[in-house]
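Work through the exercises below with the structure open. Each task is followed by a solution in steps.

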Amino acid sequence: MAILIGYLATLGVYFCIYNIFAIGLNIQFGYAGILDFTVITFMAIGAYMAGVGSLGPAQPGTEIYYILGLSLPWPLALILGAVSAGVLGYLIGLIALRRLRSDYLAIVTLAAGSIIYGLVGNNTKIFDGYEGLVGVPQPFNGVLNLSPNTYDLVFMIFAAVIMLLLWVLANRLYKSPLGRAMRATREDLDVAEAFGKNTYRIRMMAMVIGAVFVGIGGVLTIWFITALAPAGWGTSETFVVWAALIVGGMGNNKGAVIGSFLVAVLFNEATRFLPSINGLPSLIPEIRNICIGALVILTLRFRPQGVFPERKAKFFELPLTGRGREREHEVVVTGAEE
Amino acid sequence: MHLFLLTLGFGIVTAAVLSLASVGLSLQFGVTNYVNFAYGAYLAVGMYMTYTCMTAFHLPFLIGAVIGILTAGIVAVIVDILVLERFVKRGTSGFFLLIVTFGLQLILLNLAQAIWGVGFDRYPIAQGKPLTIGPFSVTVAQLEVVGVAIIALVAVHLLLTKSRLGKAMRAMSDNKMLAQASGIDINATTLWTWFFTGCLAGLGGIALALNTVEFQVFTGNSFLFVIFAAVILGGIGKIYGAMLGALIIGLVVGLSSLVISSAYNVDVAFAVLVIVLLIRPQGIFAIAGKA
């Protein structure tokens, strides 16, 4: 029984984490139309920085090297991780968000991700190379002294609280003037510019905010697993987040939630526990990657708006009176999908 | 000075490998007008079909290479018919086509890895001693790579300038609607483009495998950013630009190993790419506004 609860709690944590990733990507792609093909790099930087923030200094003689090692309390480590991810988002944005065509942008993000992957992997002095960080202290664990299964449950609640906070923030952002400006740049950069919007700044805000969200998800990841190595954040992991967003429906956070449940939990995590076939240890992950790729292509082919389509903005949709229900037939002003 | 010339020789070999792959990518981009992120998988198909022909069927290298190249071309055509063409016909915007090719990359590479395994392989041919020609020191295989690259590039040039098909491709690259209105069969031209792209990718993959000696399924894909750097440097969709871009990137990457470890080859290419994007995002050869 305890094992079952622990297992469900693990899936719950993964759901919350992937949900945070999907909301972060939704801010970048769904709100502002930035093709960020290196989502998982922001997760990794957030995770690593929080990891080296909360770990003690690297011990000489153990063959494990990493920078910093500050032994910070968890809230500070969380902030360190989130800020680092945001800074990385800003740096990539500096190159990628100049007025480039969308395919250049995608190439730059993808290339930047693979460069960082190589740098982190080949330099053992930064985050211990391909070995990765291990034994990252978990928040509250030293204080509460719980059994692993109960701790997973506590952590799930902790992750859910953070997820809810970010969800509320993302929804506020969606409705805010900045969020509207983001969607305007997504629909048509030139029109938004003609209306006097600084599209570069708006897109940069989306890039950085999204990166911070994903970074926070990364911090939760390393706290939960207590370890992270480059093998855990390859390109295919980026695609899981994309799959979650596209299957769920981009542009709205409800879609992101459904998508991360369907793809990240049911599809991705549940199959992780399938027994591997003798002699072919990599076959299961290969099949999973093929299926996730196929799922995205089929979704884009047959239901490009996703399970939960973005609601189209309507004219006169102001909360002036309580007669919301009578406004069903009003003119649709902007088409969301193109 | 001697070391410089020696490295220059390796740079030229890299440039030769790179030019094959870049011209393929640029040709396809010019005609279809979207980037194909699954391109690295076509390199892997060429590389590994040759390997399978040599190890499983004991065919000589040349026949194996021809089969490998043709298979890569056919795979490219099949993928286009089964997946990409359906999105293009429906008028899917560039955004989503990029995501589709990104998904294809995941599918094709994992499929290739499921077929050919994770480990490193090498062609069962004798490496031979490095020859010393003047200041350069190269293996026979590397010399062959340079020779084949020159022949292939001349062939592409003749295809584009002399044949009807090549002219149709260039017309489509300039203006698809106008090409269609002038009676060019754009469907057939697109399919032929994918075939030649796949063939060039397969050839590039084999050349890459000969150059690195040991290879695995993801070797081509990690080379992809070097290819992108060359293609963007030359102006995306510009075939002669891609040749020049490949030469520059190949030499820069080769010569950079004088200063820093060759483990950072991809990073050097990326640095060049960033500089190009910041200074002249339309590439060296592109006409302003078209890029």
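**Exercise 1. Helix H5 of chain B**

The buried residues of H5(B) are covered by elements of chain B that include helix H1 (2–32), strand S2 (136–138), H8 and H11. The model is a predicted one.

Task: state which residues of H5(B) are buried, and compare its length with the expected span.

Solution. Step 1: the buried positions of H5(B) are B:Gln142, B:Val145, B:Ala149, B:Ala152, B:Leu153 and B:Val156. Step 2: an α-helix has 3.6 residues a turn, so residues three or four places apart point the same way. Step 3: H5(B) covers residues 140–162, which is 23 residues. From first to last C-alpha H5(B) reaches 32 Å, close to the 33 Å expected at 1.5 Å a residue.

**Exercise 2. Helix H11 of chain B**

Solution. Step 3: a residue counts as buried if 20 or more other C-beta atoms lie within 10 Å of its own.

**Exercise 3. The nonpolar core**

Task: find which residues have the most contacts inside the largest nonpolar core, and list the contacts of B:Ile249 beyond its sequence neighbours.

Solution. Step 1: the largest nonpolar core holds 208 residues, and those with the most contacts inside it are A:Val241, A:Ala244, B:Val226, B:Ala229, B:Ile249 and B:Ala269. Step 2: the helix that gives the most to this core is H10 of chain A (residues 199–225), with 16 residues. Step 3: with neighbours within four places in sequence left aside, B:Ile249 is in contact with B:Leu18, B:Val226, B:Ala229, B:Ala230, B:Leu233, B:Ala269 and B:Val272.

**Exercise 4. Two helix pairs**

Task: give the angle and handedness for H2(B) with H8(B), then for H4(A) with H4(B).

Solution. Step 1: H2(B) (residues 39–55) packs against H8(B) (residues 186–212) at an angle of about 65°, with the axes 7 Å apart. This crossing of H2(B) and H8(B) is right-handed. Step 2: the contact of H2(B) with H8(B) has 11 nonpolar, six polar and no charged residues.

Step 1: the axes of H4(A) (residues 102–122) and H4(B) cross at roughly 35° and come within 9 Å. The crossing of H4(A) and H4(B) is right-handed. Step 4: A:Ser102, A:Asp103 and A:Ala106 of H4(A) make this contact with B:Gly94, B:Phe95 and B:Leu98 of H4(B). By class it has three nonpolar, two polar and one charged residues.

**Exercise 5. The side of chain B that touches chain A**

Task: say which helices of chain B supply at least two residues each to the side that touches chain A, and which gives the most.

Solution. Step 1: chain B and chain A each bring 33 residues to the contact. Step 2: on chain B, helices H3 (61–89), H4 (94–116), H10 (224–233) and H12 (265–279) each supply at least two residues. Step 3: H4(B) gives the most, with 15 residues. Step 4: this side of chain B has 26 nonpolar, five polar and two charged residues.

Methods:
Residues numbered from 1 in each chain as written. Chains lettered and ligands numbered in written order. Predicted model: local features only at pLDDT ≥ 70, side-chain atom pairs only at ≥ 80, totals over all residues. Contact = placed C-beta atoms within 7 Å. Helix = DSSP H or I, 4+ residues; strand = E, 2+ residues; numbered from the N terminus. Nonpolar A, V, L, I, M, F, W, Y, C, P; charged D, E, K, R; others polar. Core = buried A, V, L, I, M, F, W, Y, C linked by C-beta atoms within 7 Å. Buried ≥ 20, exposed ≤ 12 C-beta atoms within 10 Å, placed from the backbone. Axes fitted to C-alpha atoms, helices over the stretch in contact; angles between N-to-C directions. Left-handed = near helix turned anticlockwise from the far one by under 90°. Expected span 1.5 Å × (residues − 1).
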